[in-house]
Amino acid sequence: MAPNVDESVKLFLSIGLDEKTAATTINNPKVTANLTAVIHEAGVTDGCDRTTGNLLYTVATKHHSNLLLHRPTLFDYIVSSKIKTPAQLDAAVSFFDNHAAEDFKLNEFEEACGVGVEVSAEDIEKAAEKVFEENRSAIVEQRYRTNVGQLLGHVRKSLPWADPKIVKDVIDRKMYELLGERTAADNEKPTKKKEKKEKPAAKAEEKKAAVEATPEPSEEELNPYSIFPQPEQNLMVHTEVFYSDGSVLKCNNKKEVLDKHLKVTGGKVYTRFPPEPNGYLHIGHAKAMFVDFGLAKERGGCCYLRYDDTNPEAEKKEYINHIEEIVNWMGWEPFKITYTSDYFQELYDLAVELIRRGHAYVDHQNAEEIKEYREKKMNSPWRDRPIEESLRLFDEMRRGMIEEGKATLRMKQDMQNDNCNMYDLIAYRIKFTPHPHAGDKWCIYPSYDFAHCTVDSLENITHSLCTLEFETRRASYYWLLHSLDLYMPYVWEYSRLNITNTVMSKRKLNYIVTNNHVDGWDDPRLLTLAGLRRRGVTPTAINAFVRGMGITRSDGSMIHVSRLEHHIREELNKTAPRTMVVLNPLKVVITNLESDKVMELDAKRWPDAQNDDPSAFYKVPFSRVVYIDQSDFRMKDSKDYYGLAPGKSVLLRYGFPIKCTNVVFADDNETIREIHAEYDPEKKTKPKGVLHWVAESSPGKEPIKVEVRLFEKLFNSENPAELNDDWLTDINPNSKVVVSDAYAVSILKDAAVGDKFQFERLGYFAVDKDSEPGKLVFNRTVTLRDSYGKGGK
């Protein structure tokens, strides 16, 4: 059994950790288990000096998931003080990362991490003196504002194995010897000098210098897939399974197993994108696709689209068709499309083999009993039944001779383990339900925990990548493959994508769809990929957003939706032509323009359009009757208002200045029926305000009418999931506003479903599938204002 809290604290203090660090470690069960294992493996359960303990703590917290194959060697060098500084430890880890085989040369290892290299205080003194001589004038000028970290770096560059604490002490002493006591001026924050307005040339030089000073992006920023090992490195131990009896299973491929795998794959990377076909894909799946398909593409490998169809009751052909279509829309091409059900016979045979090896048994506990026994960490009463009996009963399960719910096949793992995913997980259950893909051949179906890892192995997956909530299942994943002597893929978990003001749970998405809180799986307010597509978001923008997140193992904290909107705007700004639509039309009569006169004006499709490029312009009519938006007119003008008001002028975009001369009210003397204005044909007036507008194309003929749907965030709270059972009350009742009678310029009459535009001053819009001949429907994709960097995170 795992040690209790007091025992763990005592153990951690014995290796030199301070009380605060020990207490913090205890609050993290995973780190506690890692550090406990490291202490036992290093043989220092009776304690050690603080330097050794700190290095062991670093191994447990920073390097636990890799270098497991080489840990005995590493611990020998740490405990014997041959490796005694963090720099040496980092060098050792780097060496082992590049040497998967066990037969590395010790002399090369020792040379790589400075074993036996003694750096004396005199050496450090000389190196520091040299650095101070080279930088003396700058240090004297900047005094205690000098970047000490840079000075440390210079010394460490010449003496990489020097103790960083001693180096820091020497640097601090030399600063004091050179500068003396700190003065009040040294502690003041530097004040910004008011600079004179620079000449353009000086500004250009400054801008150039700033660009040159921009740090080079890291390898991971340039290539997010660089963190993953090559297939031939899959000899390393990358997972340990700790048993309740104190034994440890170190999971890694034997050389002959890996060689066989590499022969089949040709050494290529093989990944898989394995969605369950029980709903529509959401933006979290976009990240999974980016990781799975992206890694395979970057390495010249292959990625399966594998439907994880082990639950026949939840899966539908509709979902299967949708997933394949969306994967293609996102720009990914599967190497092969497979189904877990394609392997039902192989999985059944492996289950039989697992029973034969004594690692599985037929259990008759019902769901409530299984739950109770797991909570109490008790073995099932049928756990130790004879192997032959379990084989016979499992065959009867397959042939439909046992009622549904009366028997399951369970893996014989470790019911007393600290990891609940080792509590004899169910491998097979009875379901008298035909399968959408496999038909009615089977009445027993494998569980996710049994099928996922075995199909990964059968398909020779090199990198099995999933989100962090599956990390605790890694133990059962490798336990099963080890128990069956199957090839083991490299498993790696990354943080899931959580975005504000929405829900990502398939269960919750299914609930709001089936209970009509939204208009289907492709409702533009949802962050399903179908919803985003219908809203007008491009796969390019989604992939750019996901790439910007990186492939990290961070805690998966909430990403503000404004960050996604930023990438959407960046893409649509380059690809969506400009046009004009008035949402709430207000009639303006140009009284000094003849009633039958219509002018054709040039309007820009693109803001940087060149005058000699006819395709960059479209024609808009300017006639006696034009329409502006109601929000662009006020009866009372003000200094900060740029719209139209009585006696005030504005410029009609691409057209003429107009000045309001009269306001006509309806019979209630409050509602404005129309505005009278005069236009300035010579354009001598230079008003500040610029309005979008739409005009009658001929006298008495209304502009084309369109429906515009304005979408806001579906949920008011940034994290509605935190509201638990009250999450539905957080739905924003104003998340969808329909404007039925907007006016649009005539060029939009031929727009097709999916076409995207920028409605000037309003935002980006896309033609919706509900459009009909004579009545177009537009969805607002995103507004023009970008809040990312101004509060979006």
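**View A. Strands E23 and E27 run side by side in the parallel sense.** In this predicted model, strand E23 (residues 704–711) pairs with strand E27 (residues 776–782) over 4 bridges. Strands here are DSSP runs (E, at least two residues), helices are runs of H or I with at least four residues, and both are numbered from the N terminus; two strands pair if DSSP finds at least two bridges between them. Look for valine 708, which stands opposite phenylalanine 778 in E27.

**View B. E23 and E27 belong to an open sheet of 7 strands.** The pairing is mixed, and the order is E12-E25-E26-E27-E23-E24-E13. At the edges you will find strand E12 (578–579) and strand E13 (581–582), each pairing on one side only.

**View C. Helix H25 lies across part of the sheet.** Residues 561–575 form this helix, which lies across E12, strand E25 (756–759), strand E26 (763–767) and E27. H25 runs at about 125 degrees to E27 (axes are lines fitted to C-alpha atoms, for helices over the stretch in contact, with angles from 0 to 180 degrees between N-to-C directions; contact means heavy atoms within 4.5 Å).

**View D. Helix H1 (residues 5–14) has buried residues Ser8, Leu11 and Phe12.** Buried means under 20% relative accessible area, exposed over 50%, and partly exposed in between (1.4 Å probe, protein chains only). These three cover an arc of only 95 degrees around the axis, which puts them on the same side of H1; the arc is taken from the directions from the helix axis to the C-beta atoms. Their cover includes helix H2 (19–26) and helix H3 (29–42). On the other side of H1, Asp6 and Lys10 are exposed.

**Notes.** Residues are numbered from 1 along each chain as its sequence is written, and side-chain values use heavy atoms, leaving out hydrogens and water. In this predicted model, local features need pLDDT of at least 70 and side-chain atom pairs count only at pLDDT 80 or more, while totals for chains, interfaces and linings use all residues.
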